[in-house]
Each structure stands twice: as C-alpha cells, then as structure tokens.
Amino acid sequence: MNLKTAALAATLFAAAWAAVPAAQAQPASDTMGAIKQRGYLLCGVAANTVGFSLPDSQGVMRGIDSDTCRAVATAILGDANKVRFIPTTAQNRFTALQSGEVDMLVRSTTWTLGREAALGLEFASVNFYDGTGFIVKTASGVKSVKELDGASVCVQPGSTTELNLSDYFRTNNMRFTPVVIENVEELRSAFIAGRCDAFTTDASSLASFRFAQGTNAAQYTILPEIISKEPLGAMVRKGDWKFFDIVRWTHFAQLTAEELGMTSKTIDSFVDNNNPEIQRFMGKTGDLGKMLGVAPDWAVQVIRQVGNYGEVWDRNITPMGVQRGLNNLWNKGGLQYPPPMR
C-alpha cells in the first residue's frame with residue numbers, strides 16, 4: 001500500500017469513527033466491567049503506520065498494535081472482532097486515554113518515567129523494543145548520523161523522538177534545524193518533497209515508511225545508528241489494576257504460547273497434553289482465568305483467534321524486512337520474557 005492510499009484509508013477510517021456517539025466513550029473506574037457491559041473494547045491506535053496500525057483496502061485495521069488490541073478483546077470478551085479502533089495523534093493520545101475516550105492505548109508509545117509518573121497512566125506491556133533512527137534520501141550520499149551536522153530534520157512534536165533528537169545533537173556538538181509537523185502523513189510528505197534533509201522517528205516506523213514506498217524504496221536509506229531506547233507498548237489508566245493485569249498477561253500468554261510451540265493452527269492439539277504448564281495455560285487446572293476475571297480458556301482463545309507473539313510479528317513486521325532482534329524470546333537472545341503462568 002503506498003502512502004497516498006494509506007492516508008486516504010486512514011482518513012476514511014477516522015471519519016467513520018467520528019460518527020460513533022460520544023456517550024459510548026466514557027471513563028470508568030472498572031474498565032473491564034465497562035467493556036463487558038458495552039460489548040467491545042475501545043482501543044487507541046495511530047491508524048497510519050504500516051505494520052503497526054493501518055486500515056487495509058477493506059477498512060480492516062492491520063498491524064502489531066491492532067493485534068495487541070484484538071488479543072485483549074479476545075481475553076475479555078472471547079471475540080477478537082469485538083474491538084473498535086480509535087485513531088489518535090501524538091498530541092491527543094494521552095488525553096484520549098485519561099478522559100476515557102479509549103480503554104487502552106497501543107500507539108507506538110514509548111515507556112518513560114515521566115509518562116508513567118506524571119500522567120496517571122501505566123504501561124502494561126512492551127510489544128516492540130525499538131529505538132530512534134534516521135532516514136535520508138539515498139542520493140544525498142549520507143551514510144551516518146554524524147554527517148548530519150547543520151542539516152534540517154523532520155520530526156513530530158510531542159514525541160520522545162523530538163527530545164532524543166535534541167539530546168543527541170547537543171551531546172555531539174552538532175547543529176540542526178527542526179522541521180516540526182504534527183500530522184505524520186504531512187511530515188512524511190515534507191521529507192519526500194525535500195523540505196528536510198533527514199526524517200527521524202522510531203526505526204520501526206522508518207522501516208514502515210520505506211516499505212510503503214514500494215518500487216521507490218531504494219531511494220531512501222535508513223542510517224545505521226540507533227540513538228535511544230524506545231520500549232513501545234500498551235498503556236492503561238493507573239489504578240485500574242484488574243484491567244492492567246489482563247492487558248499485561250495477555251501479552252505474556254502470547255509469549256508463553258510461542259515458547260511452548262503453540263500456534264493458532266496447533267493450539268487445539270494441546271488440549272490433552274499432560275504437561276502441567278500446558279494444562280494451566282489451557283484452563284484445565286490452576287484457575288488462572290478466574291483470578292483474572294475472565295473465562296477459563298481465555299489464553300486458548302487469544303492464541304486461536306490472534307496467534308502467538310511470533311505469528312503476530314511474522315504477519316505484520318517480517319514483510320517490512322525488520323529482524324526480530326531484541327524482540328526475540330529470551331531463550332533466543334531477545335528481551336521478550338514471560339513470567340510463569342501459575
């Protein structure tokens with residue numbers, strides 16, 4: 001999908017959401033109870049990034065963030081389709097969650113101390129370990145960020161990227177001219193049009209941008225330096241620990257399933273397995289679902305309908321040519337490490 005098509009799809013999706021009555025999006029101290037009563041999950045996403053959240057030609061939201069939403073909806077309601085995706089921006093995403101417009105936020109949002117301590121919000125899981133990167137036009141001949149002294153750089157305001165950019169250039173005694181544009185489609189277009197020498201954001205989003213160029217991808221080069229740590233994940237309102245638990249453990253269930261070799265296609269074959277860990281996962285023993293306030297087979301349904309973490313990655317991220325790296329399981333050299341489900 002090219003950027004023009006993607007932008008149109010995202011615009012149409014946003015317009016469709018605008019027609020939903022505001023009364024359906026009210027804050028609640030018991031988010032899980034509100035979701036069950038309402039019958040669907042309200043999930044804040046970007047809705048404009050290939051691989052993370054972007055409506056396809058049929059209007060179906062696709063991406064790793066979208067699938068995180070679907071997994072939580074499945075755990076609570078037993079149906080991956082019972083989720084409504086609400087487009088948010090870098091500027092309004094936290095307000096949308098604080099106000100109750102959305103139940104959770106999964107929008108390539110970085111876990112930081114300031115965000116967790118000052119916003120009344122909490123990070124429940126990390127679905128993508130990322131870092132700030134830079135992309136330039138290949139014809140520029142630039143091979144390293146260190147060659148960007150004095151360059152103009154396109155960056156989105158209100159993001160950790162903006163702070164990382166400033167910190168990096170100051171630390172390395174380099175100068176730059178920021179080209180600050182809130183709308184990400186306009187920001188990408190500004191870079192393509194030559195209004196800035198480089199474009200900076202999460203490396204995963206840069207890969208998404210380059211992938212979306214199709215046959216023109218070779219015209220753009222992602223520079224090798226990663227200048228920050230960007231653990232991206234799901235945010236919820238602080239203090240609603242029952243909902244926090246189900247969001248966190250849904251992610252861990254997807255990791256555990258991959259660790260145990262369970263996939264959406266093979267999950268049913270594990271029903272009679274006598275491994276105690278698998279029996280707990282399947283809801284046969286241990287009352288894990290009861291502890292979380294969901295159905296005994298909640299984890300089984302998540303894997304059956306959405307897939308394990310590896311499946312979600314392969315479906316959404318692998319086509320962009322991004323290696324799992326830090327996002328591998330802990331026993332394969334990565335950081336994804338699920339605590340015991342017991």
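A search of the whole structure turns up 2 disulfides. A disulfide is a covalent bond between the sulfur atoms of two cysteines; here it is called when a pair of cysteine sulfur atoms lies within 2.5 Å. The model is predicted: local features need pLDDT of at least 70, side-chain atom pairs count only at pLDDT 80 or more, and totals for chains, interfaces and linings use all residues. Residues are numbered from 1 along each chain as its sequence is written, and side-chain values use heavy atoms, with hydrogens and water left out.

Start with C43 and C69. Their sulfur atoms sit 2.1 Å apart, and they form a disulfide. C43 belongs to strand β1 (residues 41–45) and C69 to helix α3 (residues 64–77), so this pair ties together parts 26 residues apart in sequence. Helices (H or I, at least four residues) and strands (E, at least two) are DSSP runs, numbered from the N terminus. The torsion about the S-S bond of C43 and C69 is about -65°, so the disulfide is left-handed. Is C43 buried or exposed? C43 has 0% relative accessibility, so it counts as buried. Buried means under 20% relative accessible area, exposed over 50%, and partly exposed in between (1.4 Å probe, protein chains only). C69 is also at 0% and counts as buried.

Now move to C154 and C196. This disulfide has its sulfur atoms 2.0 Å apart. It links distant parts of the chain: C154 is in strand β8 (residues 151–155), and C196 is in the loop between α7 (184–192) and β10 (198–202), 42 residues apart. The link is left-handed, with -100° about the S-S bond. Both C154 and C196 are buried. Counting bonded cysteines along the chain, the disulfides follow the pattern 1-2, 3-4.

Next comes a loop. D56 lies between β2 (54–55) and β3 (61–62). D56 is buried, at a relative accessible area of 18%. Its side chain makes a polar contact with the side chain of R62 (3.0 Å). A polar contact is a pair of N or O atoms within 3.5 Å; within protein, one must be able to donate a hydrogen and the other to accept it, and residues adjacent in sequence count only if both atoms are side-chain atoms.

Finally, look at two helices. Helix α9 (residues 241–260) and helix α12 (residues 298–305) pack at an angle of about 65°, with axes 10 Å apart. Axes are lines fitted to C-alpha atoms, for helices over the stretch in contact, and angles run from 0 to 180 degrees between N-to-C directions.
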